[in-house]
Amino acid sequence: MSVAGPPGPVMDRDEVDRALARLDAEHEAIETSLLALQDHAGRRLLEGASLTGVTEERWSATEGRITLLWAYFDAYAGALRAAHDLRERRRWPSRDDLVELTELLRGESVTVAGGTSSGASPSLTGPARLTERFTLEELVTRMNDLYAHSLDMVVAADAVWSALPARIDLLAAELNRTRQLAHSVGVRPGEHPSGDDLERITRTLTSLREQVVSDPLAFWRRAEGSSAPGGGRPHTERYDREARALEEVRREIEAVLTVRQDAEARLGRLRDVLSRADRTLAEARSARGEVLAKIAASEVPAVSGPPTVLQEQLAMASDYRRHAQWHRLSPLLESLEQKAEDELLRARESLTAVTAPLAVRAELRGRLDAYKAKVARHGHAEDPLLIERYDAARRMLWSAPCDLRVAEQAVLRYQQAAAEVLVPRVPQQGGPTDRTGES
């Protein structure tokens, strides 16, 4: 006890009893917290784990804090028992008793061996003192600070361990299922990019889990502005990145699986489209011969044969299907489907270009006959000029080879003559009346 006497005024009996009751409540609360910390699952895991990195460093410091915390608590409990023993000597304590109780309850009455020279948050690596002296209130503040630091570390490690390893294990299980599915459709490392991705994700998840287990605090993000123990959350960026990568691979594998299910139907459609393109080109070649024989002075474009490379690729696709190389078949089918549609369109355009002169001749024939029918309806079928011009145009259009430019001029002359018959010109006053006017 201090020889300088009690700090401040001597407490009376009521003040002593109130102080003891408050200190008893604090003692009970601290003991409950310490026992909860002792039984905390995170602390037990930390004690038995092979730690590395930040977690190893912080746990070493935290173990020292917890040891010191129990030493402080034992000293606090001893001082509190001594105060109770002194108070229980007499119902009405003497002044000497009150002086001594005041010193115990308010003075630096608690001596702790092996403390530190630091302040409220002691550094376990700082210069040590043989003993330290505290008031009971100072000791409570010191224990609260040590407890908060210790609990913060334990809660953070436990939060990471509770969140990440389980999620990694679930992702690893999904990875195994995806790998088996990939193998069934021929997606393997070294043969397909998705197979290589699966191997990389496997290595990353294995490494990530080892790091999380040995150094959980490396994956802890403290909440900004929070002073509460365990204020923060596990950061899962690396896990989330691998989860997204696996999802992309899984979609790719499902696309390949869909190819396996639809391959025969798609190959059948491809054969049909290419066959239609070949038939159209054959029709264009035949039509070109007809045009060259029947139409004179006309430029007729050449018709190419069917591209052999598409047939070779189609045969390759069939071979991939027979050997269950679905990962190779998938991109080849997509490419072939587009090329086959382009080839059919090219064949149709070629046929249209080749038969254009025949279409022009057919249009001129139709126009000539339409005007003849119109003239007949108006009673001019026997007009000598119209008969002459009609016969001239018809001979040109129905003869082979047909010169389209000359035939078109003949049809235009017939049209002009028919127009003059159907819409007679009005004669000038006093002038002669022409033939068409008389008719």
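This is a predicted model: local features need pLDDT of at least 70, side-chain atom pairs count only at pLDDT 80 or more; totals for chains, interfaces and linings use all residues.
Next I looked up where Asp197 sits, and the place is helix α6. I also checked its distance to Ala245: the two C-alpha atoms lie 7.9 Å apart in space, with a sequence separation of 48 residues.

From there I turned to the helix pair. Helix α5 spans residues 136-184 and helix α6 spans residues 193-214. I found that their axes come within 10 Å and cross at roughly 160°. An angle over 145 degrees counts as roughly antiparallel, so that is how I describe α5 and α6 relative to each other. I noted the crossing of these two helices as left-handed.

Then I listed who makes the contact. On the α5 side I found, among them, Trp161, Leu164, Ile168 and Arg179. On the α6 side the residues include Glu199, Leu205, Arg209 and Val213. Sorting the residues of this contact gave me 15 nonpolar, two polar and four charged.

Last, I visited the strands. In β1, residues 110-113, I see Val110 and Val112 on the covered face, while Thr111 and Ala113 are on the uncovered one. How many bridges join β1 to β2? I count four, and the two strands run antiparallel, with β2 covering residues 131-134. Opposite Ala113, I found Thr131 of β2.

Methods:
Residues are numbered from 1 along each chain as its sequence is written. Side-chain values use heavy atoms; hydrogens and water are left out. Buried means under 20% relative accessible area, exposed over 50%, partly exposed in between (1.4 Å probe, protein chains only). Two strands pair if DSSP finds at least two bridges between them. Axes are lines fitted to C-alpha atoms, for helices over the stretch in contact, and angles run from 0 to 180 degrees between N-to-C directions. Angles under 35 degrees count as roughly parallel, over 145 as roughly antiparallel, 65 to 115 as roughly perpendicular and the rest as oblique. A crossing is left-handed if the near helix is turned anticlockwise from the far one by less than a right angle, and right-handed if clockwise. Contact means heavy atoms within 4.5 Å. Ala, Val, Leu, Ile, Met, Phe, Trp, Tyr, Cys and Pro count as nonpolar, Asp, Glu, Lys and Arg as charged, and the others, Gly among them, as polar.
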